[in-house]
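This briefing goes through the structure shown below, topic by topic, from the pairing of strands to the placement of helices and the annotated segments.

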Amino acid sequence: MDSTGEPMDARQAQSALAAACAARVAAREAGERERPRGYGIGQGLTFAVGFIALGLADREPRWGIWLVAAATVSLTGFLVLLWLGAHHGGVTRWFHRDRGSGRPPWQAWVVPFIPLAISLPAAVVYGSAGWLIAFGLASGADYVLRGTWQAGTA
Amino acid sequence: MTDPTGGAPPALDRELHHPTRLALAAYLSACGEAEFAVLRDYCQVSDSTLSKTLSALEKTGYVSIRKGYLGKRPRTWAGLTLTGRRALARHLAALEEIAATARRAAGACAEDTTGS
């Protein structure tokens, strides 16, 4: 007799474990299901436009307000697309260090830092405006490539 | 099941004991949030059964329910809370312990039989 007051033998425990494992696998597969390529492309473009506008606002004070407004709209659009893309298909992903599909786990940690690494030289040469523009372009390209790659492999 | 070692039996969680609840919690543990229809289709239960199950798990604090709209369509999303994730991990560990204990007992029994 277990603590729930109901009898539980090894066979039942084994089948419950198997059911739980199957449920986890099903949820993981549903979360990694193909998403329309448009989400990745839209996210990349809105992210790039938002950061480029912020960078230009720093360089062109005359158009500052309009550029900041454009950046706000674009980055809001990015967040909306991010939200819609994550919820597409009815299951949102959970965080897994192992990304599967033969991709080594270290890539999941290193890849997000690549746009940051690319934009750092621009920050050294052109200052904060250069960093914002380079970071926007690199991250935007990253989103587009990831969206295209996922749509291609899923 | 009684523990052959004489110790306390592993603590299974009463709230996750039912197969549907366990499947639901396990499914939600591998995703951030899942839509009501997806859960219903996976568990192969009726809308009302799933609704009751989710409400019961929400009362215990294992599941969080969020209602929203996707376009004009109302949608219900469920996610496993941190408390729920811990409870599920404990429950699965207890199940594993029951299965392992039985395996050990069966192994010892086989050794006795071959020894005598």
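Two strands are taken to pair if DSSP finds at least two bridges between them. By that criterion, in this predicted model, strand β2(B) and strand β3 (residues 73-80) of chain B are joined by eight bridges and run antiparallel. The points below place this pair in its sheet and then turn to the helices and to chain A.

**The sheet across two chains**

- The pair belongs to an open sheet of four strands, whose order is β1(A)-β1(B)-β3(B)-β2(B) and whose pairing is antiparallel.
- The edges are taken by β1 (91-93) of chain A and β2 (63-70) of chain B, and because each has a single partner strand, one side of each is left without a neighbour in the sheet.
- On average, and with direction ignored, neighbouring strands of this sheet are turned by 25° against each other.

**Helices lying across the strands**

- Helix α1 (residues 10-31) of chain A lies across β1 of chain A and also across β1 (31-35) of chain B, with a direction at about 85° to β1(A).
- In chain B, helix α1 (residues 19-29) lies across β1, β2 and β3 of that chain, and runs at about 90° to β3(B).

**Chain A as a whole**

- Chain A contains five helices and one strand, which follow one another along the sequence in the pattern α-α-α-β-α-α.
- Chain A has 154 residues, of which 31% count as buried.
- Among the contacts in chain A with a separation of 6 or more, 71% are between residues 24 or more positions apart.

**Annotated segments of chain A**

- An unreviewed UniProt entry carries the annotation "transmembrane region" for residues 38-57, 63-85 and 106-134 of chain A.
- Over residues 38-57 of chain A, the model is 100% helix and 0% strand, with the end C-alpha atoms 28 Å apart.
- Over residues 63-85 of chain A, the corresponding values are 96% helix and 0% strand, and the end C-alpha atoms are 32 Å apart.

**One residue in detail: L82(A)**

- L82(A) is located in helix α3 (residues 64-87) of chain A.
- Is L82(A) buried, exposed or partly exposed? L82(A) is partly exposed, because 16 other C-beta atoms lie within 10 Å, whereas a buried residue would need 20 or more and an exposed one 12 or fewer.
- Although L82(A) and Q43(A) are 39 residues apart along the chain, their C-alpha atoms are separated by 6.6 Å.

Terms used:
Residues are numbered from 1 along each chain as its sequence is written. Chains are lettered from A and ligands numbered from 1 in the order in which they are written. This is a predicted model: local features need pLDDT of at least 70, side-chain atom pairs count only at pLDDT 80 or more; totals for chains, interfaces and linings use all residues. Two residues are in contact if their C-beta atoms, placed from the backbone, lie within 7 Å. UniProt positions are given in the numbering used here, feature names are shortened, and annotations may be inferred rather than shown by experiment. Axes are lines fitted to C-alpha atoms, for helices over the stretch in contact, and angles run from 0 to 180 degrees between N-to-C directions.
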